[in-house]
Each structure stands twice: as structure tokens, then as C-alpha cells.
Amino acid sequence: MDKIAVTGGTALHGTIPISGSKNACLPLMTAALLTDQTLTLTNVPNLADIGTLSNLLASLGATIDHDREANRLNLRVARLSSPLAHYDIVRKMRASILVLGPMLARDGAGTVSLPGGCAIGARPVDLHLKGLEAMGATLDLRDGYVHASVPRSVSGGRLRGVSHRFPFVSVGATENLLMAATLAKGTTRLVNAAREPEIVDLADCLSSMGAQIEGAGTGTIEIEGVDALSGTEHRVIADRIEMGSFMIAPAITGGDVTLEGGRIDLVSSLAGALDAAGVSVEEVPQGLRVRRRDDRLNPVSIVTEPFPGYATDLQAQMMALMTLADGTSSITEQIFENRFMHVPELARMGAQIDITGNTAQVTGVESLRGAPVMATDLRASISLLLAGLAAKGETVVSRVYHLDRGYERVEEKLRACGARIERISGDD
Ligand code: UD1
């Protein structure tokens with residue numbers, strides 16, 4: 001397994017291009033199941049998770065043509081040759097559950113293994129399943145699989161539109177039901193829906209495939225089911241989590257970095273927190289320019305929330321920054337249980353962090369020291385790299401396969417700004 005070695009202490013200067021969003025691209029790829037025509041996605045990031053989902057879609061009958069150089073992906077599911085999403089693929093990535101809504105909408109049947117993914121808490125899929133049940137699906141949970149079908153008695157085997165309120169906000173469940181509803185009979189109203197930019201991107205793509213959707217990006221989405229969807233070409237939005245992670249790089253090292261393709265509307269909560277910490281985020285023609293206002297970092301308290309609140313996927317990175325602030329910050333994780341696995345690793349580098357329940361008190365230290373550390377999940381991995389960029393001496397991050405699930409060419413992008421970082425290939 002690869003490792004990444006970082007020698008800290010260099011202020012970053014330069015430009016970092018922002019890739020297409022992994023979390024937008026995954027549901028967009030599953031939207032290909034809704035039509036027998038070709039869906040073309042551009043600005044597709046080259047990431048392990050995209051390959052995993054491609055394999056899953058291929059196993060269901062998709063023909064896939066992926067031009068990695070051009071970041072272009074053509075997907076065509078002329079027919080669903082197999083309605084079974086196998087455990088061997090699904091266990092690698094939780095987002096695989098997103099094939100269920102489209103399969104049910106298209107063919108009235110589908111079997112999907114219960115998913116795996118990052119080890120950040122229990123992460124059930126009950127909200128997805130309850131929503132699909134409300135739309136008329138019959139579900140049978142057996143042998144680790146969800147066997148789903150729509151009985152003939154329900155709109156002739158077709159999902160039916162419903163008014164459905166999510167008990168709490170779920171990005172994935174909103175995406176699954178949104179896709180399912182595009183081909184359902186009648187009108188679906190999703191209340192307490194997620195408002196993330198990835199939902200808006202998905203709705204934009206579905207609309208250009210012929211879906212009738214209103215309210216994406218608000219808490220209530222209305223979908224009028226249609227009989228069929230067509231193919232289209234769609235450009236994946238910029239990755240706000242990659243963007244936010246790289247915004248924290250010049251914040252933690254000092255320096256001056258421009259994020260090419262950066263958009264303030266996608267990271268406004270983070271930009272507010274950085275401003276309070278003493279880091280300026282400025283809109284420039286190429287994107288966003290980020291630099292520290294002075295040597296000192298102020299402590300900042302954050303609470304993770306659904307969009308437009310502070311993103312859970314940027315919590316670990318902010319914690320890395322706060323380990324060097326002048327005072328004590330509090331970081332509360334409200335979205336996922338067990339999402340503080342980076343804390344003991346940051347502590348190995350000299351960070352002072354106390355956890356009580358779902359809140360971490362971070363008391364800033366003068367400096368961090370390089371150390372061997374282990375990546376535990378996707379966003380924890382980048383927080384360790386960020387800490388390593390600021391630490392004295394060398395930090396070696398092992399298990400970087402987590403990082404490769406979500407960050408494209410991370411060493412190359414940081415090295416271009418002066419970071420001393422290299423990948424060490426080989427066994428752990
Ligand atoms: C998506 C993102 C992930 C991000 C998360 C929250 C993708 C591929 N992943 O994950 O990076 O961290 O949004 O912004 O887009 N829950 C249930 N039952 C369900 C579904 C969710 O209890 O059926 C819980 C989860 O355990 C979690 C919370 O709801 O505590 C929110 O999860 P959700 O918004 O669904 O996250 P994902 O869509 O899995």
C-alpha cells in the first residue's frame with residue numbers, strides 16, 4: 001500500500017486547479033440507469049471511487065467508455081442485463097446504494113447488497129429504503145441484500161409519486177428518491193430534502209434528460225414523473241470539498257494560493273470560518289485566492305450541519321488548522337458519529353485535543369512535529385497531509401488508498417505550490 005511523505009514548513013505559493021466533484025459525479029453516473037440512451041459526463045475526476053462505480057454499472061449492463069485524459073465518461077444502459085448489485089463491489093463504496101432508485105424506476109425491480117464505505121459510524125440506508133417503500137416498492141432484506149420490486153398492483157409495476165418527508169436531511173436518500181421519482185407515475189414531493197450543490201447538479205442533469213423538477217436546492221423538491229428520459233451531455237460541478245481542503249493548505253502553511261475554478265457560493269461557510277481565523281478568501285477571475293492576513297491564527301468554533309452550514313467533509317481539515325491557532329476552538333460533529341478518528345493521529349503530531357461526546361476542544365500549540373500517522377478515512381487523510389505541511393520535520397501518512405478515493409493528483413497539485421511531498425509506492 002502506498003504512503004505519502006511530507007516535509008513541512010514551506011509556505012505554499014501558486015495555483016491549484018479544482019477537479020470535478022466526486023460526490024456529484026457518483027449520483028450522476030447512476031442517472032445513466034434511467035435511460036436507454038447515452039449519458040455523457042465531462043469534468044469527471046480520475047478517482048478510485050469513479051472506477052468502482054463504473055465496475056458496478058458495467059455489472060448491471062452498462063457500456064462504458066471512459067476517456068481519462070479528457071475527463072469524459074460515456075455511459076449507456078441499453079437494457080439492464082442484471083438487476084443485481086453484488087456485495088463484492090458495493091462493499092467498497094456506500095454510494096452504490098444509489099443504483100437502487102434508478103433500477104426500480106426503470107424496470108420495477110432491483111437487488112442491491114447493503115453497502116460499506118468509510119468507517120465513520122453506522123451509516124444505515126433506512127431513509128433510502130423507507131422512501132422507496134412509500135413510492136410503492138416492496139422490500140425484502142435477506143442475506144445482506146435488499147431485494148426490491150414494484151408489485152403489478154402499484155401503477156402496473158411502476159413506482160408512484162408520493163409526498164414524502166425525510167425525518168432528517170440525507171444527501172444520498174434525497175438523490176435516490178429524486179432519481180426514482182423522475183420516472184414514477186404522478187407527482188412526488190420531497191420535504192426536508194437535502195439542499196447540497198450536488199443535488200442541484202443532479203437535478204440540472206436530470207432536467208436536461210427530460211425530467212420535470214422544481215425546487216432543487218431548497219428544502220422541498222417537486223418532481224412530475226415522465227414516461228421516459230433521454231441521454232444528454234452534462235459537465236460535473238467543481239468539487240467543493242477538494243476546494244475547501246486546498247483552501248486550508250495556504251491557511252495552515254502561510255503563503256498565497258489561487259484555486260482555479262473555485263466558487264465562493266460552494267464554500268461560503270468555510271470561507272466565513274477562515275475569515276474569522278484570520279485568513280482572507282477573495283474572489284478573483286480564475287477562482288478564489290486564499291492567504292493569511294498575518295502570522296497569527298484565531299481560534300474558531302464550528303458545528304457541522306447540512307448545506308449551507310459547515311460541511312462535515314471539511315471538519316477534519318479545519319481541526320488540523322485549529323491545532324495551530326492562538327487559543328482554544330471547539331468543533332462539534334453533528335452529521336456522523338465516530339468522525340474524530342483523525343484526533344489520535346493529530347495528537348501523535350503534538351496536537352492538543354480533548355473529546356467530549358461529539359465535541360472536540362482543540363487548544364492551539366506553537367508547532368506540530370512530523371510523525372508516522374495512519375489515514376483512517378477519506379477526509380481524515382487529507383487533514384493529516386495538511387497538518388504535515390505545517391509540521392516540523394517529516395510526516396509519513398500510510399493507508400493513502402483512502403485519500404485516492406477522493407483527491408485527484410494530490411501530491412502533484414500541492415508540489416506545484418512548493419510543498420515537499422512525495423508518494424512512496426509499496427507495501428505497508
Ligand atoms: C454524502 C456524501 C458524504 C458526506 C455526507 C454528508 C456522497 C457520495 N457522500 O454521504 O461525503 O459526508 O453526504 O454531507 O455524496 N443516514 C441514516 N439513514 C439513511 C441515510 C443516512 O441514518 O438512510 C444518516 C447517516 O448515517 C448520517 C446522516 O444521515 O448520519 C447524513 O448522511 P447522508 O447525508 O445520507 O450522507 P451520504 O449521502 O451517505
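This is a predicted model: local features need pLDDT of at least 70, side-chain atom pairs count only at pLDDT 80 or more; totals for chains, interfaces and linings use all residues.
User: Which residues line the largest cavity?

Analyst: The lining consists of Arg240, Leu266, Val267, Ser268, Ser269, Leu270, Phe307, Pro308, Gly309, Tyr310, Ala311 and Leu314. Helix H9, residues 268-277, gives the most to this lining, with 3 residues.

User: How much space lies in it, the largest cavity?

Analyst: The space in the largest cavity comes to about 90 Å³.

User: And how many cavities of 30 Å³ or more are there in the whole structure?

Analyst: The search finds 3.

User: What lines the second largest cavity?

Analyst: Its lining is made up of Ser21, Lys22, Asn23, Glu198, Asp239, Arg240, Ile241 and Arg379. Helices H1 and H8 (240-253) are the elements that give two or more residues to that lining.

User: Changing topic: how many residues has the largest nonpolar core?

Analyst: That core has 74 residues, and those with the most contacts inside it are Leu41, Val99, Leu178 and Leu206. Helix H6, residues 171-182, gives the most to the core, with 6 residues. There is also a second, separate core of 71 residues, which includes Ala351, Leu385, Val400 and Cys417.

User: Take Leu206. What is it in contact with, leaving aside neighbours within four places in sequence?

Analyst: Leu206 is then in contact with Ala31, Leu34, Leu178, Met179, Thr182, Ala211 and Ile213.

User: Now helix H2. How many residues, and what is its reach from first C-alpha to last?

Analyst: H2 covers residues 48-60, which is 13 residues, and reaches 19 Å between those two atoms. This is close to the 18 Å expected at 1.5 Å a residue.

User: Which residues of H2 are buried?

Analyst: The buried residues are Asp49, Ile50, Thr52, Leu53, Ser54, Leu56, Leu57 and Leu60.

User: What covers them, the buried residues of H2?

Analyst: The cover includes helices H1 (22-30), H3 (87-90) and H4 (100-107). It also includes strands E4 (63-67), E5 (72-76) and E6 (84-85).

User: One last point: which residue just after H2 takes a positive phi?

Analyst: That residue is Gly61, with a phi of about 120 degrees.

Terms used. Residues are numbered from 1 along each chain as its sequence is written. Side-chain values use heavy atoms; hydrogens and water are left out. A nonpolar core is a set of buried Ala, Val, Leu, Ile, Met, Phe, Trp, Tyr and Cys residues joined through side-chain atoms within 4.5 Å. Buried means under 20% relative accessible area, exposed over 50%, partly exposed in between (1.4 Å probe, protein chains only). Helices (H or I, at least four residues) and strands (E, at least two) are DSSP runs, numbered from the N terminus. Contact means heavy atoms within 4.5 Å. The expected span of a helix is 1.5 Å times one less than its number of residues. On a 1 Å grid over the protein atoms alone, a cavity is a set of points where a 1.4 Å probe fits but cannot get out, and a pocket is an open set with protein on both sides within 12 Å along at least five of seven lines; lining residues have an atom within 4 Å of a point. Grid points are joined across faces, edges and corners, and a volume is the space filled by probe spheres set on the points.
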